[in-house]
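Subject: Structure handover

Hi,

Here is the structure I promised to pass on. Please open it beside this email and follow along.

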Amino acid sequence: MSRIGKKPVVIPSGVTAKIDGQTIAVKGAKGELKFTAPEEVAITIDGGAVHVAPHGEDKRARAMWGTARAQVQNLIGGVTKGFEKKLEINGVGYKAALAGKNLQLSLGYSHDIIFPIPAGVTITTSKPTEITIAGIDKRQVGQIAAEIRAFRGPEPYKGKGVKYVGEFVFRKEGKKK
């Protein structure tokens with residue numbers, strides 16, 4: 001039984017939501033997002049809130065119930081406030097810089113990594129060791145942060161590499177003499 005799916009998603013003022021079949025379109029101050037719900041759930045707008053209900057009692061319908069409700073909440077949160085991920089770079093000579101519509105990363109390889117910034121996302125570097133990824137689509141922001149982190153994830157001995165701000169990196173002790 002979904003506890004999350006039971007809660008309605010309140011539509012704040014300044015946001016409009018429209019349903020067309022299984023697709024919900026949400027428009028707000030920051031932009032417009034769409035989500036197509038799976039066939040196992042029904043989405044309705046009633047009294048300034050979005051309600052999600054399962055069509056049946058099978059396992060997949062109950063799983064999609066909470067998932068669809070969370071997706072709708074992410075749509076509404078994205079068009080009102082937006083989402084942001086912060087990365088930090090540790091290591092001697094490791095740095096990031098913006099070069100036009102690309103992010104240039106120096107991560108200890110023989111070459112710099114050029115990462116093209118996709119549409120709908122803004123990447124800023126306040127310091128050469130900090131990267132901020134912002135946008136209205138939570139999935140896209142998280143995916144881009146994960147791709148940048150994957151170029152050189154933090155290693156367990158000195159902690160060098162790219163990590164999320166606040167991420168705990170389990171440290172190992174080096175070999176002893």
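Start at Ala99. Its bridge partner in strand S9 is Asn102. Lys95 is bridged to Ser106, also in S9. In total, 5 bridges join S8 to S9 (residues 102-106), and the two strands run antiparallel. They form a hairpin with 2 residues between them. Look at Gly100 in that turn: its phi is positive, about 70°. Keep in mind that this is a predicted model.

Now widen the view. S8 and S9 belong to an open sheet of 3 strands, in the order S8-S9-S10, with antiparallel pairing. Which strands stand at the edges? They are S8 (95-99) and S10 (113-116). Each has a single partner strand, so one side of each is left without a neighbour in the sheet. Neighbouring strands here are turned by 25° against each other on average, ignoring direction. Helix H2 packs on this sheet and touches S9 and S10. The direction of H2 makes about 175° with that of S10.

A reminder on sheets in general: strands pair through backbone hydrogen bonds, either parallel or antiparallel.

Next, the other open sheet I looked at. It has 3 strands in the order S1-S6-S5, and the pairing is antiparallel. S1 (9-10) and S5 (41-45) stand at its edges. Each of these has a single partner strand, so one side of each lacks a neighbour in the sheet. S1 is joined to S6 (residues 49-54) by 2 bridges. Val9 has Val50 in S6 as its bridge partner. Helix H1 lies across S1, S5 and S6, and runs at about 165° to S6.

Is Ile76 buried or exposed? Its relative accessible area is 5%, and buried means under 20%, so Ile76 is buried. What does Ile76 contact, leaving aside its neighbours within four places in sequence? The list is Val9, Val10, Ile11, Pro12, Val26 and Val50. Ile76 and Val10 are 66 residues apart in sequence, yet their C-alpha atoms are 8.7 Å apart in space.

Now the hairpin of S3 and S4. Strand S3 (residues 23-27) is joined to S4 by 5 bridges, and the two run antiparallel. Ala25 has Lys34 as its bridge partner in S4. There are 4 residues between these strands, and Gly31 takes a positive phi near 155°. S4 has two faces to compare. Leu33 and Phe35 make up the covered face. Glu32, Lys34 and Thr36 make up the uncovered one.

S4 also leads us to the largest pocket. Which elements each supply at least two residues of its lining? They are strand S4 (32-36), helix H1 (59-80) and helix H2 (138-151). H1 gives the most, with 5 residues. The space in this pocket is about 220 Å³. Its lining includes Leu33, Lys34 and Phe35. Among the other lining residues are Thr67, Ala70, Gln71, Asn74 and Leu75. Ile136, Asp137, Lys138 and Arg139 line the pocket as well. By class, the lining has 5 nonpolar, 3 polar and 4 charged residues.

That is the handover. Send me your questions.

Best wishes

Key:
Residues numbered from 1 in each chain as written. Predicted model: local features only at pLDDT ≥ 70, side-chain atom pairs only at ≥ 80, totals over all residues. Heavy atoms only, no water. 1 Å grid on protein atoms, 1.4 Å probe; cavity = no way out; pocket = protein on both sides within 12 Å on 5 of 7 lines; lining within 4 Å. Points joined across faces, edges and corners; volume = space filled by probe spheres on them. Nonpolar A, V, L, I, M, F, W, Y, C, P; charged D, E, K, R; others polar. Buried < 20%, exposed > 50% of the residue type's maximum accessible area, 1.4 Å probe, protein only. Contact = heavy atoms within 4.5 Å. Pairing = 2+ DSSP bridges. Axes fitted to C-alpha atoms, helices over the stretch in contact; angles between N-to-C directions.
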